[in-house]
Amino acid sequence: MAPDSETIQSAAAVSGRLSRAWDGYLKALKDMQLAFDRSDQFKLAPDQKGMAYRQLMEAQAMAYNYAVGPRTAHPRVFRNTIWQTEFYSIGGNGPDFDYRLSFIEGGHDYRLWGKINDCTSLFCQLNSALPGSEGSRVLKSYEFHEFELGPDKSFEIIVSARPHKGNWIELAPDADYQWLMFRPAIETWESKSAEIHIERISPLDPMAAETDEYSEEAVARRIEAATAFFKYILTDWAMGYVPLVLRGAGETNKFFTFSVEDAGEMGSPVAQYLQCVFEVDDDEALILEFDEEPKAAYWSLQLYDVWQHALAFRTRQSTLNGTQMAKDADNAVRVVLSRRDPGVANWLDNAGYRMGEVTWRNYKATSNVNHRIRRVKFDDLDRHLPAGTQRVTPRERAAELGRRRAAYLRRHGE
């Protein structure tokens with residue numbers, strides 16, 4: 001039987017939305033390219049223009065992985081296809097967090113299980129929708145050490161909009177594309193990361209998922225969400241952070257404390273973020289000084305380029321956490337940021353970038369720490385560092401970098 005006119009019109013309307021969604025995505029891609037070309041960073045760091053266009057490509061891959069690919073009716077815990085290693089690091093992922101993501105909806109019930117293992121903390125936040133989408137916000141944050149655990153640090157948690165006794169993560173009942181971000185913290189190269197698994201436990205029509213997720217209407221919605229997410233991470237992260245930090249700090253080489261709004265929906269609600277736009281010439285070094293070690297569940301320093309893309313932390317010592325940093329005899333912590341290796345334990349390798357960003361993370365910090373940044377000549381470093389500063393030989397540095405590379409390969413594979 002031939003379709004009636006109403007069916008034909010309805011099909012045409014859906015196909016029209018699908019076409020408009022795709023056209024909107026292509027327009028956003030061009031708009032973002034033009035925005036990069038007009039950005040402050042193009043003027044401030046012309047040597048990093050190539051990375052800007054690399055970001056345009058990376059953001060497209062992330063948009064598919066976050067907005068189009070996941071299936072909420074048959075969820076899984078994503079690892080290497082999301083915010084992981086230096087392969088996907090737009091927006092500033094921290095290398096000590098073995099990030100995982102799972103995409104779910106309020107109409108289903110799920111079972112979450114696994115083991116914390118050696119993680120010093122396992123933070124998890126629930127977001128209502130992807131950044132850039134209407135109503136997107138952080139709903140709640142959880143620390144898995146506060147759940148009831150087994151003797152082997154195992155956990156089992158119900159994830160549902162309906163209340164449950166015991167370990168429970170509460171979903172928003174009407175949100176159809178919520179997501180959980182897990183931040184297992186691994187602070188040493190030998191630590192074993194957390195095991196995290198999820199499955200749907202509520203009943204499901206066998207064909208409903210295919211219809212709901214692969215129909216023209218559903219795909220159009222996913223493309224629209226991918227477009228909004230793509231624009232968000234490029235506008236707010238890649239292009240937005242350097243101007244924001246410079247306005248807040250008033251100058252380079254000075255930390256600016258982010259507000260919850262500045263950190264955005266991808267930032268952890270239990271973390272304090274301080275950012276600095278660094279500026280240092282090849283014959284110079286920056287000394288980052290902290291009067292004492294921050295009192296926090298976790299803290300670290302990490303370097304980025306001007307597009308908030310993490311420097312290559314797998315192959316360079318561009319990050320250090322509190323466990324890895326040497327403390328001086330006066331209980332202060334001093335870190336040298338430079339292009340050349342100064343032979344001190346606390347060195348951050350800027351990979352030759354004259355300008356970039358430093359992020360100082362403090363999770364569950366209980367107090368503020370006095371800090372300062374000094375810009376000095378590289379050849380004068382010894383005059384500015386205490387006599388007891390911990391040193392390393394070239395052989396020791398090479399061995400440490402080898403442990404770093406091997407640890408990331410164990411975690412994420414080739």
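A salt bridge here is a side-chain nitrogen of Lys or Arg within 4 Å of a carboxyl oxygen of Asp or Glu. By this rule the count comes to 33 salt bridges. The model is predicted: local features need pLDDT of at least 70, side-chain atom pairs count only at pLDDT 80 or more, and totals for chains, interfaces and linings use all residues. Residues are numbered from 1 along each chain as its sequence is written, and side-chain values use heavy atoms, with hydrogens and water left out.

Q: What makes E224 and R17 a salt bridge?
A: Their side chains meet with N to O at 2.7 Å. The limit is 4 Å, so the pair qualifies.

Q: Why is the pair of E224 and R17 said to tie together parts that are apart in sequence?
A: E224 sits in helix α5 (residues 216–238) and R17 in helix α1 (residues 5–37), so the linked parts are 207 residues apart in sequence. Helices (H or I, at least four residues) and strands (E, at least two) are DSSP runs, numbered from the N terminus.

Q: Why is E224 called partly exposed?
A: Its relative accessibility is 33%. Buried means under 20% relative accessible area, exposed over 50%, and partly exposed in between (1.4 Å probe, protein chains only). E224 therefore counts as partly exposed.

Q: How do you know that E199 forms a salt bridge with R111?
A: The closest N and O atoms of E199 and R111 are 2.9 Å apart. E199 belongs to strand β8 (residues 195–200) and R111 to strand β2 (residues 110–115), 88 residues apart. Both count as partly exposed: E199 has 31% relative accessibility, and R111 has 21%.

Q: What makes R375 and E284 a salt bridge?
A: Their closest N and O atoms are 2.8 Å apart. R375 lies in strand β17 (residues 371–377) and E284 in strand β11 (residues 284–290), so the pair ties together parts 91 residues apart in sequence.

Q: What joins E289, D291, D328, D330, R334, R372 and R374 into one network?
A: Salt bridges that share partners join these residues.

Q: Why are C119 and C276 called buried?
A: C119 has 3% relative accessibility, so it counts as buried. C276, at 1%, counts as buried too.
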